Amino acid sequence: MSSAIEKLTSLVNDQNKYNIPYAEIKATQIEAVNECFQGRKEKIKLLAKRANDAGLTEIRSLEDMVHVLFPHTAYKSYPESFLLGEKWDKLGKWLGTVSSMPIPEIDPATVTDIDDWIDKLQQHGIFVSCSSGTTGKSAMLVASAKDMKWCKVETVAAYAWGSGVTPANDRRIFGLAPVASVARNRVTGGAYIDALQAPGSEPFNYPAPPMTVGGLTKMVVLRKKIADGTATPSDLQDYEKTSAERQKHLDDALEISAGAIIGARHEKLHVSGMWASLYNIARLVRDKGYSGRDFNPENSCYVGGGLKGAQLPENYREFVYETFNIAPQRNYQNYSMQELMSAMPRCQKGQRYHLPPWVVPLILDKSGDKLLPILDSEYEGRAAFFDLSLDGRWGGVISGDKVSIDFSPCPCGAKSPSIRDNIARFSDLEGDDKIGCAGTVDAYVRGVS
């Protein structure tokens, strides 16, 4: 007899997975979370702490789950001195507090930088993906080989449902933005190539050096030194040189990318990237005299993330779609976050993000302490989720997002819970974001590490 987790995650390639009413799977989801809890409460130190504080020995309800959720800040709760001071042994000990796998001890004397540390962990089957950290510390998210295998399957399945495109190895992939060189991005990128790339053609990779965690960390450190007045003349010179080199690569990449996609305009394309780079390349394509009428009408696209601070015209989305001849039904969008290992693809008719059966929605109050009652109509709250597909770390996370969720059928006909496309960050709405349990959790993790 299969476990509750397997019953839900085995639906990954089921065409009807977004058409299951929440009421039909709620009991199985609770059983699956308890199954996960029993298997990991002794392995993940932070989970044991949360459970002991709440007096929990088993998960029997959604309310119980709230007590063992991790705030998203837990994954960047390491003391900054560990990273800036290159204390790889201590950083590894910290990582062990949020991992379901033992973190191997790596001799700090053998590590050259954070990228090398991450590579050495991967040799032991420990995959660490980090956020960009461009505005502060990087979140560090540990995953297992099982998680990497899941990504390859789930990525393509979600894309196929959300875009309406049947993966048939009949497209040429155009990556039109710089990508962070971390394990998860490499795996998902490979999954798209395996599923979509036409034989005999090569994917186009944005011609700029990949963003590594080490390179981004170095820039963050320099910015902080400049901000607090401790930067030396050589620091400033290094910062200006690095910034100028990076900008030159990006400027050159835009021109090269525009020329390449014009050259491939008659092929069936899958375009991916970030809004800023896609818009700038589209503008160059228009400047060269080309537009949607010159491109294949079966093109598809996937755009990840928001504007990231870029200042673009109000019609930037339409401008990109029209330039590359991308019809609305082949525009794949999803809602997810780096703390999860699964996506919530957006439907075409309802323009809503649909939750798969293995992702449990938990809508909380603003402080993140209390579960809001499930209503028969759409309502707002702080998004929290439990991703049952996760293996290398705990799947329950409290996000920084304010969402509107509905547990009734969507206009598209799908019966799964769905989230409106008006997601906002509490930090953007109010200038700050305070999750009730975050301070206690961060203090505990720092103390253990």
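1. Partly exposed, as used here, describes a residue whose relative accessible area falls between the buried class, under 20%, and the exposed class, over 50%. By that scale glutamate 378 is partly exposed, with a relative accessible area of 28%. The structure under discussion is a predicted model, and the remarks below should be read with this in mind.

2. Glutamate 378 is also a partner in a salt bridge, its side chain meeting that of arginine 352 with an N to O distance of 2.8 Å. Because glutamate 378 sits in the loop between β11 (359–364) and β12 (379–387) while arginine 352 belongs to strand β10 (residues 352–354), the pair ties together parts that are 26 residues apart in sequence. Arginine 352, for its part, is buried, at a relative accessible area of 9%.

3. A second pair to inspect is arginine 425 with aspartate 401, whose closest N and O atoms are 3.8 Å apart; a salt bridge is counted within 4 Å. Arginine 425 is found in strand β15 (residues 424–425) and aspartate 401 in strand β13 (residues 396–406), so this contact ties together parts that are 24 residues apart in sequence. Arginine 425 counts as partly exposed at 47% relative accessibility, whereas aspartate 401, at 7%, counts as buried.

4. Some charged contacts share partners: Asp170, Arg171, Lys268 and Glu298 are joined by salt bridges into one network. Over the whole structure the search finds 15 salt bridges.

5. Aspartate 53 counts as exposed, with 52% relative accessibility, while lysine 49 counts as partly exposed, with 26%.

6. Turning to the strands, an open sheet is formed by four of them, in the order β4-β5-β6-β7, with parallel pairing. Its edges are β4 (172–175) and β7 (326–332); each has a single partner strand, so one side of each is left without a neighbour in the sheet. Ignoring direction, neighbouring strands of this sheet are turned against each other by 25° on average. Strand β6 (residues 299–303) runs parallel to β7 and is joined to it by three bridges; in one of the pairings between these strands, asparagine 299 has isoleucine 326 of β7 as its bridge partner.

7. The largest nonpolar core holds 93 residues, of which Trp117, Met140 and Phe385 touch the most other members. Helix α2 (residues 22–40) supplies the largest share of this core, namely seven residues. Another core, of 29 residues, lies apart from it and has Leu269, Leu278, Ala282 and Val320 among its members. As general background, nonpolar side chains in soluble globular proteins tend to be buried together.

8. What is the disulfide count? The count comes to zero. Cysteine 347 is in no disulfide, although the nearest cysteine sulfur, that of cysteine 410, is 3.7 Å away; the cut-off for a disulfide is a pair of sulfur atoms within 2.5 Å. Cysteine 347 counts as buried, at 3% relative accessibility. For cysteine 437, the closest cysteine sulfur belongs to cysteine 36 and is 18 Å away, which is too far for a bond. Cysteine 437 is likewise buried, with a relative accessible area of 9%.

Definitions and conventions
Residues are numbered from 1 along each chain as its sequence is written. This is a predicted model: local features need pLDDT of at least 70, side-chain atom pairs count only at pLDDT 80 or more; totals for chains, interfaces and linings use all residues. Side-chain values use heavy atoms; hydrogens and water are left out. Two strands pair if DSSP finds at least two bridges between them. Helices (H or I, at least four residues) and strands (E, at least two) are DSSP runs, numbered from the N terminus. Axes are lines fitted to C-alpha atoms, for helices over the stretch in contact, and angles run from 0 to 180 degrees between N-to-C directions. A nonpolar core is a set of buried Ala, Val, Leu, Ile, Met, Phe, Trp, Tyr and Cys residues joined through side-chain atoms within 4.5 Å. Buried means under 20% relative accessible area, exposed over 50%, partly exposed in between (1.4 Å probe, protein chains only).
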